[in-house]
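Thanks for making the time, everyone. I would like to walk you through one structure this morning, going from the pair of chains down to individual residues.

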2 protein chains.
Amino acid sequence: MTAPGPLEPRPGAPAHQAGHSNLDPHLDRYASRTAGMTASEIRALFAVASRPEVVSLAGGMPNLAALPLDSLSTQVAELVAEDGLVALQYGSAHGVPVLREQICEVMALEGISAHPDDIVVTVGSQMGLDMVTRLFCDPGDVVIAEGPSYVGALGSFAAYQAQVVHVAMDDDGLVPATLDEAIIRVKSEGRRVKFLYTIPNFHNPAGVTLAVRRRAEILEICARHGVLVVEDNPYGLLGFDGQTYPALRSTDPDNVVYLGSFSKTFASGLRVGWVLAPHAVREKLVLAAESATLCPPTFNQLVVSRYLATHDWKGQIKKFRENYRERRDAILGALEQHLPPGCSWTRPDGGFYVWVTVPEGIDTKAMLPRAVTARVAYASGTGFYADGLGSRQMRLSYCYPTPERIREGVRRLAGVLESEMDLVRTFGSVHPRAVSGPQFPSPDTA
Amino acid sequence: MTAPGPLEPRPGAPAHQAGHSNLDPHLDRYASRTAGMTASEIRALFAVASRPEVVSLAGGMPNLAALPLDSLSTQVAELVAEDGLVALQYGSAHGVPVLREQICEVMALEGISAHPDDIVVTVGSQMGLDMVTRLFCDPGDVVIAEGPSYVGALGSFAAYQAQVVHVAMDDDGLVPATLDEAIIRVKSEGRRVKFLYTIPNFHNPAGVTLAVRRRAEILEICARHGVLVVEDNPYGLLGFDGQTYPALRSTDPDNVVYLGSFSKTFASGLRVGWVLAPHAVREKLVLAAESATLCPPTFNQLVVSRYLATHDWKGQIKKFRENYRERRDAILGALEQHLPPGCSWTRPDGGFYVWVTVPEGIDTKAMLPRAVTARVAYASGTGFYADGLGSRQMRLSYCYPTPERIREGVRRLAGVLESEMDLVRTFGSVHPRAVSGPQFPSPDTA
């Protein structure tokens, strides 16, 4: 049997108020950090959205179909047979040394020169994010992040009671002047800015890339204000033309903590990511990671290491890129063809996501149930902001469905938008402003 | 190449003061929780202790030699070939449903009746510990724990700035009256007790088991005071005569959060553990886990699931038990034969550890470098206390070395103790009291 879905609340714990029911006998016991810990309101919809008749443009699951399962199968078998007593044993919290060396080769593709010692292997880069926040954020500390930003990052920041201040993006990514202004403003309010959290390449959810000419400027602003930079780069090698951009870390090793991941370039279900940090920070990271998981799974690290050592992993990434490019083309074409006037969207040249803005009067969160009824799902924009914005935006993921399904999904979405716009034209705005705020991440929205 | 060991400090970050050097430019940026985050002082010694000529009785690594690597190799190969696109993909933070059902069967061996919905799969039970502490502990909240207690638990408590109050154990485990007194005392000081953290079976590091007759009493005390019980049970199926004890959770499902693990009954390097929690708590745990790692590795969960479905896993645990019993016999025999008068130790009937108390005047932490010089290593007792006790204790792990090596190790240890006692008899106590306190866990001391 499977667990009841979130659409089937059980007595004492309605799905949308996890643990906040009066019937929870532990209610008085929770730490204050749990106050912001509420289930995403769209989670219930995902149970419906995962039905095969629904085209889901909501999830961020990588498309693994291109993986060479046969040779991977042989390799994991060899790993267990030849090196099982190591692979199945505890390792260090720092991570397997040979993998850390290989990670340096991966990062070199984006201009990073690093020492394997300064890498800490994590259980996906989500754990890296969580550890960095654990290290730096006291309750009330400010993290500056692009608006919108990755929902999983907002979840980690909320878990440590950090406050998020968003700064604007345009088609060239984070706008440096708004960053400078935000830091000055926050400091003038007597609040401490701990770090800038940024996704420079093929942004989740915005689909834009930070222009190269802005990178030095952003580093300079952060250095001038004494603000650390946390660079999250899961998609950097997924530029559709094979292009890469110099990582922020490549020119500022002392003030950038870099987060990397094999989830989008190899296999998300292995949960292998890493943090590259300035040396002193790295030592604390290892200690934090020990208290969090003791060590990352040795087995998974050795699977990744063998894969990197024996496969044409760059060729594999090229296959992934081509797969995603085909889907990006499909979605941009379909948006152009079907979406009603007044909608706009970003044009990603890598990664998984398009960020769509709909006309005034439409609330994407309130519209979502109708979209699911029309057999298409998306992630409404509010989940990607900590400050209540995003109700006119949605994230469309083109990474997983086939191009044909993507086109069908956009066609359905366009129909739903047309109906909404009819209503708006007739009655004005038809929805109360939805309650919004940071929502905890879910693999559905990763 | 491998990373330089912790005995080779690099400029700017001495191994024993991770990040606390004046040369760390990030010094003013860390969260206050990092203040207690210092590397274990014995860590440096482990680099020496891991040399082949040293008998390490320090580590808690399970002995995996009995694992059927050939059939495991076949199974992981089949998993990737047949179900690779699922195994290598993101899953839910809750965990794979089929594994959660199988975990219920495992827990039934200790009298637990549970619903798979109420299980959350974690990256080892260390992550379970960390998540439970995240959910319940604000800075300054009190956790009650046996003295001594698991070093990894003390690390998690410190990471959330919880304060640990130890309660006494004897040969029958936690002494109920001291628990009652401790709760009353802490409450009278105006502090909040959030939970009792207890390892009822084959305690790490104490090697004792909570008498069955005490279990109801402890549950009653905690219920009466409104204190949650966190039951950590990684060793419960490793009783040397095949005996099991009723889990605390088996009789009090509403007030016990139960932590389980496959690290000692199958393979530690997969990092698969779980939390069984009251329903409302479970919902919050899933949210906390999402913010920590997004989801546990799907691959590892399916490996464990296949193993449970197709192997005689109970027979395998019996093999592990017999292996550990042989080693327990070896160490108890050697202690009896070699240790000088004035030493005492516990007599475990399951698990991995013997807890040794040495004569007055000897400081086990100060003695450790001499022991390592004499080619034997142990874990000094101070790491297992949050309050400075333990300097006359040490933990000896018999799980990993061969019986012959264990006997040789104890012989060497006895020699070191004899020399120390000679010094004490001649000069009185020869060591200043070592600085002690909670130390972050390490797989070496898990």
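Let me begin with a count over the whole assembly: a search of all chains turns up 37 salt bridges. Please keep in mind throughout that what you are looking at is a predicted model, and that the values I quote are computed from it.

How are the two chains placed relative to each other?

Turning to the interface between the chains, 108 residues from chain B and 108 residues from chain A take part in the contact. In general, the size of an interface is often expressed as the accessible area lost when the parts come together. Here, chain B and chain A bury about 8,700 Å² between them, and 60% of that area is on carbon and sulfur atoms. On the chain B side, the residues that lose the most area to chain A are Arg29(B), Tyr90(B) and Lys284(B), although together they account for 9% of what that side buries.

Which kinds of polar interaction are counted between the two chains? There are 2 salt bridges between chain B and chain A, and one salt bridge that you can find on the screen joins the side chains of Asp130(A) and Arg134(B), at 2.4 Å from N to O. Between chain B and chain A the count is 51 residue pairs in polar contact, with both residues at pLDDT 80 or more. Several helices of chain B each supply at least two residues to the side that touches chain A, among them helix H2 (69-87), helix H4 (124-136) and helix H11 (298-310). The helix that gives the most to this side is H10(B), with 12 residues. Sorted by class, the side of chain B that touches chain A has 57 nonpolar, 29 polar and 22 charged residues.

Chain A is divided into domain 1, made of 41-66 and 315-424, and domain 2, which covers 89-310. The centres of domain 1 and domain 2 of chain A, taken over C-alpha atoms, are separated by 26 Å. In the contact between them, 26 residues of domain 1 of chain A meet 32 residues of domain 2 of chain A. These two domains of chain A bury about 2,300 Å² between them, with 64% of it on carbon and sulfur atoms. Of the area that domain 1 of chain A buries against domain 2 of chain A, 25% is supplied by Arg321(A), Asp349(A) and Phe384(A), more than by any other three residues.

How many salt bridges cross this domain interface in chain A? The rule finds 0 salt bridges there, whereas 12 residue pairs are found in polar contact across the interface of domain 1 and domain 2 of chain A, both residues being at pLDDT 80 or more. On the side of domain 1 of chain A that touches domain 2 of chain A, the elements giving two or more residues are helix H12 (313-338) and strand S12 (353-357) of chain A. The largest share of that side, 7 residues, comes from H12(A).

Because they are 4 residues apart in helix H12 of chain A, Glu322(A) and Lys318(A) are separated by about one helical turn.

Finally, some backbone details. Most residues other than glycine have a negative phi, and most peptide bonds are trans. The bond joining Gly147(A) and Pro148(A) is a cis peptide bond with omega about 0 degrees, and Pro148(A) sits in the loop between strand S3 (142-146) and helix H5 (151-159) of chain A. The peptide bond from Asn204(A) to Pro205(A) is cis as well, with omega near 10 degrees. Arg375(A), which is not a glycine, has a positive phi of about 65 degrees, and Arg375(A) is placed in the loop between helix H13 (364-373) and strand S13 (376-377) of chain A.

Definitions and conventions. Residues are numbered from 1 along each chain as its sequence is written. Chains are lettered from A and ligands numbered from 1 in the order in which they are written. This is a predicted model: local features need pLDDT of at least 70, side-chain atom pairs count only at pLDDT 80 or more; totals for chains, interfaces and linings use all residues. Side-chain values use heavy atoms; hydrogens and water are left out. Domain bounds come from an automatic or database domain assignment. Contact means heavy atoms within 4.5 Å. Buried area is the accessible area (1.4 Å probe) that two parts lose on being put together, summed over both. A salt bridge is a side-chain nitrogen of Lys or Arg within 4 Å of a carboxyl oxygen of Asp or Glu. A polar contact is a pair of N or O atoms within 3.5 Å; within protein, one must be able to donate a hydrogen and the other to accept it, and residues adjacent in sequence count only if both atoms are side-chain atoms. Ala, Val, Leu, Ile, Met, Phe, Trp, Tyr, Cys and Pro count as nonpolar, Asp, Glu, Lys and Arg as charged, and the others, Gly among them, as polar.
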